[in-house]
Amino acid sequence: MHQVVFRILGPLDVRVDGRPVPLSGARQRTILSMLLLSPNRVVSVDALADAVWLGRPPTTFVNQIAICVSALRKTFKAAVGQDDLIVTVHPGYLLATGEHRIDAVEFEELVAHARETMRRRRAVEAVELLDEALGLWRGPAMEGVVGGRVAAEAARLGELRLAVYEEYAGLRLDLGRHRELVGELTSFIRENGLREQARAQLMLAQYRSGRRAEALETYREARRLFVDELGIEPGPMLRKLHDAVLADDSWLTAPPPAPPPSAPLEEPAEEPVPGPAAEVVVAPAIPAQLPADVAAFTGRISELAALDRMLAERSDSSVLPVGLITGIGGVGKTALARHWAHRVAGRFPDGQLFADLRGYDDSEEPLTPNAVLDRFLRALGVPAEEIPADQVERADRFRSELGGRRVLVVLDNARSYEQIRWLLPGSGRHCVLVSSRGPVEGLAGDHDFLHLPLGVLDQGEAAELVTRVVGGERLSADPESVRELGALCDGLPLALRIAAARLAGKPHWTVRQLVARLKDQHRRLDELGEGSRGVRAGFRLSYRGLPADVARMYRLLGLLNLPDFSVWMGAALLDVDPLDAEDLIEQLVDAQLLEVLAERGSGQVRYRFQDLLRLFAAECALTEETPQARADAQRRVFGGLLFLAEEAHRRIYGGDFTVVHGPGPRYRLPEELVGALTEDPMAWFEQERASIVSSVDQAAENGESALAWDLTMTSVTLFQNRNYPQEWRQCAERALAAARTAGDALGEAAMLHSLSTLEIVQSRWEEAGARLGPARRLFADRGERRGVALVQRNLALYARNRGDLAAAREEGYRSLAGFREVGDHYAEAHVLGILARIELEYGELRNGLELTEQAIAVNLRLGSTRGEAQSTVRLAEVLVSQGEGKRAEEASRRALELVRAAGDQRGEAHSLRCLGEALWRQDRPAEAVGVLREALASADRVSDRFLAARVSTLLACVTGLTGDRVAAAGLLAAAARQFEELGAPVWLERVAGLDREVRGAGALDSERLRALLEAVP
């Protein structure tokens, strides 16, 4: 029987036994295509006619379709000797394929088979099936055939082809075939530029091929295309991949390449064919020295893949491949080395050599190269009497014995290059894997070298390790505690295994019980102790090998309870030059006792501890440093932080303004370093935020009251501008308690003032009032004029909120006099703005304008951006009150520009409020509504309830004028509740008047609403 192959994955083509069958006429090709799209199913005459004549068939279409079908039958009769391929079945025709093939059907069957194979985790076979399926395509489906139904089906098949190709590419990526994909995917996206999946695959293939820059360019090219053609950004998949490439995320690393399924992993060695008189040959010894694989081995996907690639890319003529795994004790270096060695042992048919070199051992000296060579030579079958005594000769004999063999050498726990250089084979047929706690200098020059610094396990891997040791059922009830257990163990495999073993040995314990024990920092290392194999013992082996000055840097750093730190902090601890401190810290990094963090914003390098390592360092400091030495070291760091905070504060405010300082000791840093650190002062504050909070807490705990409260007051620059009320309160209350304990009246006054400012910011007026009286009294008793003026400024704000404008005015002018007396120009400008607002509420517009202009002039002299923004907002308020909407809008937009540039979120909310009011004044209600809604959102973000209520009041007025009285009434009701809770009677009365107006029957009048809004009780 003849074999007919119908091909529609490309131009329509019919072949019989490999020979083409000619088809005449476009109509015949369209009809045949329609029948091929529905094999063994009836296609109606109407559908055929619709395809042939594109929806406009002639009246004779039935006869013409019959004529075309008859011609097709004759063609197949001549070619195949079969006249029943096309059968007439009401209401049309059917193509009976029988044993004949249609490539589109084969394509979809192969794809389905491949997907089922993938589900059975047979990836290599699935790739072959998809390769065969895609090989059926010769171009666009049914190219050259017209017809609506044909076009639609061709589009479906084309889309399926693209999707299958992406599956195919993804599988090959998973199998480590990224290098062959780069060119192929480049061509693919040149024709299909909007396929995000393929773009992502190309980026991944480029990255895994060592072409990181090209991967980033692929993303940039995609972004330009998407923005220019579609007006949209790339999707989350591409954006996430772009960020991961920038960060060199570990999950990007390629998996091990899979060998072709048809070929063995290694070609079997040829067996010699003995001749007639061949002598009996004794087979060489095949050592198998690998210790057992590690139970419950978890994670390390990228590291295993990197080791696999090192092995896959070698050749017998290449230089020796050497892998080096480094990391702190307990991180799992030996486990990874043993696990990988077992994975690839089959690649080394002539044996595996293993030696624990005892480079870091608590009880025994490191093994000498000579001793290891003796063991290796014996394992390779060299008789004892033939092993040379001289180390050089032994090394030569070792390399000679390896000769044409293929051997894996694992050197665990190495101390130095000198210890291992004699143990390295001389041929690329072999592979060496070394583990060490520190970098082994000397390996990179003469070998195909791979360095794998080993970090801790991530959250998921840590949970998986504990689960494998303990058992899943017991842990599934409390996944949060399992996650917390992993965090308390720092993701350190040794600590996790010890913790898991404790749980396994105490089946009556819950995970939560062990977590509670580990949370006590004073006993955590005890809980994770296992004699000489515990976490503390492992750390001690690394610590005892440090030079004396490096060891001292390590233990003093452990005294700082900080999330991360800069080099200057190490310099302060030891009171040494920052460059010398950097050298010591970098040695700790090399020893895997510290981690490096690159601060992307400032370019400054920062460092951090794993928490367990910090606890061990602190233990060492407690036993090896005197109490005085510990206190002095910490005091220098806190003093350095205060010194830098003062400098950043001065740069922001244009001088040492708005703060009261104490006698706490400053630690001066080199001028050039200070300039580099505080070049962007707000960024410095932001970067050190966590350090400031922790240092205030530690200084207070250590009885360093003056340092604690001074650092808190100076850092209000950060807490207020960037809206960190929780940190502000925590620091101020901690420093206040320390000041009271120490009998530090100045510190107590400063923190009462600081907390009163925070209460005002958060509209907690009663709490603010309770702190202001004692603060003023304490400052006055100490003769601290600036402190008194600061409190008087807050009293003016407090009185104004209570509706006592006379008292507010009096306190404000007293405050102004005090600031002018002490030369605090920034605070002078600030209180001028407050007084301008009070004068406006009194109805004294001229006074308000004059005070505002004075404030702006002072800020311009100071060059204070923040002060200029505040004064400009005040100016806009005055201009609004005078009916000058256009000038008020200009002032508001200038203020908005300034505060956004400075990252001042609270200032942004105020500027938007004023801009909305200026737009209302110009009868632009629609624009005003949009701006005021933005202002309300900004006020909510900074949790300023008083400002939010004011904005809601304004928004209600403008909304009412647009005709929506119901919405306006709702906004006023919400504002009234806020003002009542905040104790603001003036504003509560104003809202009541506005509410009556909005709910009245008459038409709303803009000027009437403004008058009610600005009414003075």
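Which residues does Leu485 touch, not counting residues up to four places away in sequence? Hold that thought for a moment, everyone, while I cover the ground rules. This is a predicted model, so local features need pLDDT of at least 70 and side-chain atom pairs count only at pLDDT 80 or more, while totals for chains, interfaces and linings use all residues. Residues are numbered from 1 along each chain as its sequence is written, and side-chain values use heavy atoms, with hydrogens and water left out.

OK, back to Leu485. Its partners are Val466, Ala499, Leu503, Val511, Leu514, Val515 and Leu518, where a contact means heavy atoms within 4.5 Å.

Leu485 also belongs to the largest nonpolar core, which has 160 residues. By that I mean a set of buried Ala, Val, Leu, Ile, Met, Phe, Trp, Tyr and Cys residues joined through side-chain atoms within 4.5 Å. Buried is under 20% relative accessible area, exposed is over 50%, and partly exposed is in between, using a 1.4 Å probe and protein chains only. Along with Leu485, the members touching the most others are Trp340, Tyr554 and Leu557. The top contributor is helix α28, residues 627-653, with 11 residues. There's a second, separate core too, with 85 residues, including Val21 and Tyr207.

Now, Tyr554 and Leu557 turn up again where helix α24 meets helix α26. Those are residues 548-557 and 578-590, with axes 9 Å apart and an angle of about 85 degrees. The axes are lines fitted to C-alpha atoms, for helices over the stretch in contact, and angles run from 0 to 180 degrees between N-to-C directions. So α24 and α26 are roughly perpendicular, a label for 65 to 115 degrees; under 35 is roughly parallel, over 145 roughly antiparallel, and the rest oblique. On the α26 side, the contact includes Leu584, Ile585 and Leu588.

Let's zoom out. The chain has 48 helices and 14 strands, which are DSSP runs numbered from the N terminus: H or I of at least four residues for helices, E of at least two for strands. The C-alpha trace spans about 115 × 105 × 55 Å along its principal axes. Of the 1017 residues, 54% count as buried.

Leaving out residues up to four places away in sequence, Gln28 touches Cys68, Ala71 and Leu72.
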